[in-house]
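Me: I would like to go through this structure and check the labels against the numbers behind them. Please give the value and the cut-off each time.

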Amino acid sequence: MVAVGGRNWKLASSLTAMVNEANRVAPRRSKRSDGSIGDLSHASRSSDHNSAGGFVHAVDLTQDVRGGFNAHAHARNVAARRDSRISYIISNGEIWHYARPYWRKYTGSNRHVSHAHFSVKRTVAARNDTRLWFGKAPAGPTPPVPPPVSIKPPVYNVPEISTDVEGEEELEMK
């Protein structure tokens, strides 16, 4: 489970939306490598997992294809769209940066194979933009299929020719 706030910090709203979307897209996905606020090892270095100005600007999402969530594929798609909220993404031994929009080898100690790392820019706009990250909104539950209905053939009003008392023909609609 990803922590969304604590004493003196809050996860950027855009990243909270990302986590919620991942959970909606794949409700049974593993969350084993999910994370937001940094641990002690993060605190000793510069990291978007550390609070800055009261906000955490990074989230990790677990790679779990079996559970329905391919974090690495989602990372590639977000990068391919050049989402303006993103600062950088680390995924499967590679890094993508908004300012240098191509994937290259990541040389950090954690290759981010068990998860994908998403960092948003440290701007109000990037923090607060909660648009969808991974695609179209789900249409919602599929309505039940109604039972078959027997269809009667249509009834047409066809003019008939009738003869009046005086022997003249007139058209009458029935």
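Me: Is Arg76 buried, exposed or partly exposed, and what makes it so?
Reply: This is a predicted model, and in it Arg76 has a relative accessible area of 35%. Buried means under 20% and exposed means over 50%. The value for Arg76 falls in between, so Arg76 is called partly exposed.

Me: Which residue forms a salt bridge with Arg76, and how do you know that it is one?
Reply: The partner is Glu94, and the closest N and O atoms are 2.0 Å apart. The cut-off is a side-chain nitrogen of Lys or Arg within 4 Å of a carboxyl oxygen of Asp or Glu. At 2.0 Å the pair Arg76 and Glu94 meets that cut-off, so it is called a salt bridge. Arg76 belongs to helix 3 and Glu94 to strand 6, and the two are 18 residues apart, so the pair links distant parts of the chain. Side chains of opposite charge can pair when their charged atoms come close.

Me: What is the relative accessibility of Glu94, and why does that give its class?
Reply: Glu94 has 24% relative accessibility. Buried would need a value under 20%, so Glu94 counts as partly exposed.

Me: Which strands make up the open sheet, and what makes some of them edge strands?
Reply: The open sheet has 5 strands in the order 4-8-5-6-7, with antiparallel pairing. Strand 4 and strand 7 each pair on one side only, and they are the edge strands. From one strand to the next, the twist averages 15°. Within the sheet, strand 5 is joined to strand 8 by 5 bridges, the two running antiparallel. Ser91 stands opposite Ala116 in strand 8.

Me: Which helices pack on this sheet, and which strands do they touch?
Reply: Helix 1 touches strand 4 and strand 8, and its direction makes about 10° with that of strand 4. Helix 3 touches strand 4, strand 5, strand 6, strand 7 and strand 8, and its direction makes about 30° with that of strand 8.

Me: Which residues have the most contacts inside the largest nonpolar core?
Reply: That core has 27 residues, and those with the most contacts inside it are Met18, Leu61, Ile89, Phe118 and Phe134. Two or more residues each come from strand 2, helix 1, strand 4, helix 3, strand 5 and strand 8. Beyond four places away in sequence, Leu61 touches residues including Met18, Phe69, Phe118 and Phe134. In soluble globular proteins, nonpolar side chains tend to be buried together.

Me: Are Asp129 and Arg85 buried or exposed, and why?
Reply: Asp129 has a relative accessible area of 19%, and Arg85 is at 1%. Buried means under 20%, so both Asp129 and Arg85 are called buried.

Me: What makes Asp129 and Arg85 a salt bridge, and which parts does the pair tie together?
Reply: Their closest N and O atoms are 3.7 Å apart, and the cut-off is within 4 Å. Asp129 lies in the loop between helix 4 and strand 9, and Arg85 in the loop between helix 3 and strand 5, so the pair ties together parts that are 44 residues apart in sequence.

Me: Which residues are linked with Asp129 in a network of salt bridges?
Reply: The network links Arg81, Asp83, Arg85, Asp129 and Arg131. Asp129 and Arg131 have closest N and O atoms 2.8 Å apart. Arg131, at a relative accessible area of 45%, is partly exposed. By the 4 Å rule, the count comes to 6 salt bridges.

Technical notes
Residues are numbered from 1 along each chain as its sequence is written. This is a predicted model: local features need pLDDT of at least 70, side-chain atom pairs count only at pLDDT 80 or more; totals for chains, interfaces and linings use all residues. Side-chain values use heavy atoms; hydrogens and water are left out. A nonpolar core is a set of buried Ala, Val, Leu, Ile, Met, Phe, Trp, Tyr and Cys residues joined through side-chain atoms within 4.5 Å. Buried means under 20% relative accessible area, exposed over 50%, partly exposed in between (1.4 Å probe, protein chains only). Helices (H or I, at least four residues) and strands (E, at least two) are DSSP runs, numbered from the N terminus. Contact means heavy atoms within 4.5 Å. Two strands pair if DSSP finds at least two bridges between them. Axes are lines fitted to C-alpha atoms, for helices over the stretch in contact, and angles run from 0 to 180 degrees between N-to-C directions.
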